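I opened a notebook for a structure that was new to me. Here is what I looked up, entry by entry, for anyone who would like to follow along.

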Amino acid sequence: MIRATFTIARRDIMATILSRGFLIWLAMPVIGLAFAVFASIVGCPRATATASQAVAVIDPAGDFTPWMQAVAARERTRTAYERLRAGHKDAAFARPAALLTDAELDALAKREDIGAIAALGALSFAAVSAEADPKAQAHRLLSGNTRFGAALVVAPGTLELFTGDKAPAAERIRTLAGLAWTKRALAQDGLAARVEAVRAAQPDVSVTVLNEGAQPAGRKGGAPVLATGAATVLFALISLLAGALLSNMVEEKSNKIIEVLVAAVPVPAIYAGKLIAMLAVSLIGVTVWGLLFGGGFMLAAAQLPAGLLPTPPRGWPELLALGIAYFTCAYLIYGAIYLGVGSLCSTIREVQTLSMPVTILQMVILISTLGALANPGGAWYQFVSWFPLSAPYMMLGRGAADTGLGIHLASIAWQLAFAALVIALAARLFRYGVLRSGPPPSLRQLAGLKPRVA
Amino acid sequence: MLDYAIEAEALSKRFGDKQAVAGVDLRVPTGAIYGFLGQNGAGKTTTLRMLLGILEPDGGTRRLLGSERPLSVAARVGYLPEERGLYPAMTAREAIAYVGALRGLKLGDARVRADELLAAHGLGDEANARIRTFSKGMAQKVQLLATFVNRPDLIVLDEPFSGLDPVNQQDLENMIRAERARGATILFSTHVMAHAERMCDGLVIIAHGRTRFSGSVDAARAHLPSRVVLVTERPLAELHALLPPGSTVDILPRSATDTGNAYRFPLPPGGIEPLLARLLETGSGIRDMHIERPTLHDAFVTIVGEADAHAETREAA
C-alpha cells in the first residue's frame with residue numbers, strides 16, 4: 001500500500017510540475033505583485049511623482065531656517081528613539097520620548113542605530129532669499145519642474161505654507177514650523193533654558209495595569225503586526241493551494257482512469273498519494289516563493305537599520321518552525337476537505353461553482369482570526385484558537401506574539417488528530433465521489449456505520 | 001491449485017431505491033475463458049466492480065483467487081473497465097508501466113515489460129508518444145496492454161471489444177487466447193454474442209440483477225430445441241400428422257427464386273430419420289431439408305425473455 005501511495009504521488013508530482021499550468025501557478029504571486037506595483041504606478045499619479053522632501057523657507061529675516069532644521073532633526077530622533085524603545089528594556093531607553101530634552105535628543109542622534117532610523121525619509125529645509133513678493137515667489141518656486149515640494153513663507157507674526165503637487169506631508173511641516181517658531185520665541189525671550197529645565201524635571205507617569213489577564217504574557221510592541229502578518233501569509237498560502245486541490249480530481253474523473261486506480265489500490269492509498277503529491281507541489285511552490293519574496297525581503301531588511309523590524313519573542317527560527325508545523329496542519333485539514341469535496345466535481349465548471357462558498361468560508365475564517373488576534377483574551381479568542389479550521393492561522397499568529405511553547409505542542413497534536421478524522425471521513429466521500437454510484441453517503445455511512453435497513 | 005478463480009454467491013447491491021444486483025451466483029474455473037452476458041443495465045458492471053473490490057456488496061459472498069479481500073490479490077489481477085481512460089500527457093510506455101507499478105511491479109521492471117508488450121503488438125515505435133496523439137483505437141489498445149502488464153492470473157475485461165475495429169477485435173481475441181494459454185483465467189462481459197460463441201468455455205447470463213444461466217455455450221444453446229427446415233415441391237397438408245402432438249409448424253414465405261413450400265418445425269425427439277422415411281413414403285418431393293441448431297443469440301434472447309416475463313409476473317403479483 002505504501003509503495004502504491006508513492007507511485008500515485010510520484011505520478012501526480014511529475015504530471016503537475018511538468019505541466020504548463022504549474023509554471024503559471026508558480027508565477028501567480030509574482031504576477032500578482034507585479035500587477036499591484038503596476039497598478040500603483042498607473043493608478044496613483046500623485047504617489048508616483050516622488051514627493052520631494054525639500055522645503056523652501058522664504059524668510060526675509062533670514063534666521064528661521066536653522067530653527068526648522070534643528071527642530072526637524074530632533075523630532076526625527078525622538079521618533080526613532082520611540083521605535084527602538086519598544087524592543088529595548090535597558091536604561092538608555094528608560095525615559096519616554098516625549099520627555100526628552102533638546103540636549104538629550106542631540107546626544108541620542110549620535111547613536112548609530114537611532115541616527116540610521118532618523119535619516120529615513122528626512123525632510124530638508126533650504127533657505128531661499130526672499131524677494132519683494134514672497135507669496136508670488138512661493139508660487140513660482142512650486143510651479144513647473146521644481147525640486148521643492150513645499151514653500152514656507154515666514155513673516156512677522158505669520159507662517160504660510162504653500163504646497164505643490166509633489167508636496168511632502170503638509171501637516172508634518174506645519175507642526176515642525178510651529179515648534180520652530182516657539183523655540184525661536186523662547187530663545188529670543190531668554191526662556192529656552194528654563195523650559196528645558198522644567199522638561200528635564202518632569203517625571204514619567206507610571207502606569208499599573210490591574211487586569212493583566214487581558215494581555216497575553218510576554219506581549220511586546222510589534223508582535224501584533226507580526227501575528228497578523230504570519231496568520232495572513234499562512235492563509236494566503238493555503239488559499240493559493242485550494243484551487244489546485246479542488247480541481248485535482250477532475251483530471252482523473254474526466255480521464256476515467258480512476259476506476260483503474262480503485263481496482264488496484266485501496267482508496268485511502270489513492271487519497272494519501274494525492275495529498276502527498278499536492279503537499280510536495282505546495283512545498284516546491286512555497287520554496288520558490290520563499291526564495292523570491294523571502295530573499296527579497298531579507299535583502300530589503302538588511303538595508304534597514306537594526307531594530308526597525310519587529311522581532312518574534314522566541315526568535316525567527318522558532319517562528320519559522322511553528323510556521324512549517326501549522327502549514328502542514330492547515331494543509332492536511334483543508335487539503336483533505338478540498339480533495340474530498342473536489343472529488344464530487346466532474347468538470348472545471350463545477351469546481352468553479354464550488355470555489356465560491358469555499359472562498360467565502362476562508363474569508364470568514366481569516367476575518368475571525370484577525371479579529372481575535374487584535375482582541376486577545378476572552379472566550380472568542382480561545383474559540384478561534386481551538387476551532388480546527390481557524391486554529392492553524394490563529395496559533396501561528398499567537399506564535400508570533402506568545403512565548404509559551406507548550407500550548408503550541410498541544411494545539412499541533414489536536415490539529416493533527418482532527419486532520420486524521422477529516423482524512424478518514426473525506427476518504428469515504430472520495431470513494432463515493434470518484435465512482436458516482438448511487439446517492440451520496442449518509443452521515444451514518446460517513447461515520448463508518450452500516451446503513452439502516454428499511 | 002484452485003478449482004475456481006472466481007466464486008460469488010448471492011451477490012447483491014442496492015443504490016438508493018434501485019436494486020442493481022439482486023443475487024448473482026458466479027463460478028469461473030481456473031484457466032477458463034468465461035463470458036458474462038446481460039442486457040444493458042442488467043448489473044454486469046456493478047457485479048464486476050463488486051468482484052474486484054471496487055464496490056462493497058450489500059449481501060452475498062465473493063472469493064477472488066481464493067481471497068475474500070479482492071484488493072489483497074490485486075497484484076495477480078488485470079482489469080479493463082468499461083469506461084476507458086488514460087492520462088493524455090503520459091507516453092504509452094509510462095502509461096503501461098504506471099499500471100504495472102500500481103499492480104505491484106517495480107517501476108523499472110514495469111517499463112521493460114511495457115516495451116515488450118508494445119513491440120509485440122505493433123506499437124514499438126509509439127512507445128514514447130503521448131497518449132493524446134493516439135487514435136481512439138490505439139489508446140484502447142494501450143490500455144488493454146496495460147491490463148496484461150503484470151502477467152495476471154485473472155483478467156477481468158468489461159466490454160473489451162466495444163470501440164475496436166474488426167482487425168483489432170481479432171487481435172484482442174488472439175491476445176485473450178494467448179493469455180489463457182499462458183495459464184490465466186479470463187472473464188469478460190460483452191454484448192457481441194459472436195465473440196462469446198467463438199471464445200468462451202463457459203457463460204454466465206444475468207438479467208434483472210440475477211443469474212439466469214451458467215454453463216457451457218452448448219448448454220446455453222440446448223436451452224432451445226434444434227429446428228428442421230423443410231422445402232417440398234408440393235404442399236404438405238399432412239405435415240402436422242407426421243410430427244409429435246403439440247409441435248408448431250411455421251410456414252416460411254417463398255422467396256422470388258424459390259417456388260417450393262418451406263416449413264420450419266422443432267426437431268422431433270426421435271430424430272430426423274423416422275420423419276424422413278415418412279416423407280419419402282408420401283412422395284412430397286423433398287427439395288431441401290436441414291437442421292438448424294439454435295445460436296447463442298437465440299438462446300440469450302430466450303433466456304433474457306424468460307427473465308423479463310418472470311420479472312413482470314413478479315411485479316404484477
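The entries below go from the ground rules to the two chains and then to their details.

**Ground rules**

I noted that this is a predicted model, in which local features need pLDDT of at least 70 and side-chain atom pairs count only at pLDDT 80 or more, while totals for chains, interfaces and linings use all residues. Residues are numbered from 1 along each chain as its sequence is written, chains are lettered from A and ligands numbered from 1 in the order in which they are written, and side-chain values use heavy atoms, with hydrogens and water left out.

**Entry 1: the two chains**

I began with the helices (DSSP runs of H or I, at least four residues) and the strands (runs of E, at least two), both numbered from the N terminus. Chain A has 18 helices and four strands, and chain B has 10 helices and 13 strands.

Next I looked up burial, where buried means under 20% relative accessible area, exposed means over 50%, and partly exposed lies in between (1.4 Å probe, protein chains only). Of the 454 residues in chain A, 39% are buried; for the 317 residues of chain B the figure is 50%.

I also checked contacts, meaning heavy atoms within 4.5 Å. In chain A, 74% of the contacts with a separation of 6 or more are between residues 24 or more positions apart. In chain B, 69% of the contacts between residues at least 6 apart in sequence join residues at least 24 apart.

**Entry 2: the sheet of chain A**

In what order do the four strands of the open sheet in chain A lie? I read the order as β2-β1-β3-β4, with mixed pairing. The edge strands, each pairing on one side only, are β2 (124–128) and β4 (158–163) of chain A. Neighbouring strands are turned against each other by 25 degrees on average, direction ignored.

Two strands count as paired if DSSP finds at least two bridges between them. Strand β3 (residues 150–155) of chain A and β4(A) are antiparallel and share six bridges, and A:Ala150 sits opposite A:Thr163 of β4(A).

Then I looked for helices against this sheet. Angles here run from 0 to 180 degrees between N-to-C directions, and axes are lines fitted to C-alpha atoms, for helices over the stretch in contact. Helix α7 (residues 134–142) of chain A lies across β1 (54–58), β2, β3 and β4 of chain A, at about 25 degrees to β4(A). Helix α8 (residues 170–188) of chain A packs on the sheet too and touches β1, β2, β3 and β4 of chain A, with a direction about 155 degrees from that of β4(A).

**Entry 3: a helix pair in chain A**

I turned to helix α14 (residues 348–374) and helix α15 (residues 378–386) of chain A, whose axes come within 9 Å and cross at roughly 130 degrees. α14(A) and α15(A) are therefore oblique to each other; angles under 35 degrees count as roughly parallel, over 145 as roughly antiparallel, 65 to 115 as roughly perpendicular and the rest as oblique.

Which residues make the contact between them? I found A:Ser368, A:Thr369 and A:Ala372 on α14(A), and A:Trp380, A:Tyr381 and A:Val384 on α15(A).

**Entry 4: strands of chain B**

Is strand β8 (residues 202–207) of chain B buried or exposed? Six of its six residues are buried, so β8(B) is largely enclosed by the rest of the structure. B:Gly202, B:Val204 and B:Ile206 point one way, while B:Leu203, B:Ile205 and B:Ala207 point the other way.

I then traced the partners of β8(B). Strand β3 (residues 33–38) of chain B pairs with β8(B) in the parallel sense over five bridges, and B:Ile205 is the bridge partner of B:Leu37. Strand β9 (residues 210–215) of chain B is antiparallel to β8(B), joined by five bridges, with B:Gly215 as the partner of B:Leu203.

Strand β5 (residues 77–80) of chain B is covered on both faces, with B:Val77 and B:Tyr79 buried on one side and B:Gly78 and B:Leu80 buried on the other. Four bridges join β5(B) to β6(B) in parallel, where B:Tyr79 stands opposite B:Val156.

**Entry 5: positive phi in chain B**

B:His208, in the hairpin of β8(B) and β9(B), takes a positive phi near 50 degrees. B:Arg151 has a positive phi of about 45 degrees and is partly exposed at 44% relative accessibility. B:Glu159 has a phi near 50 degrees and is buried, at 7%.
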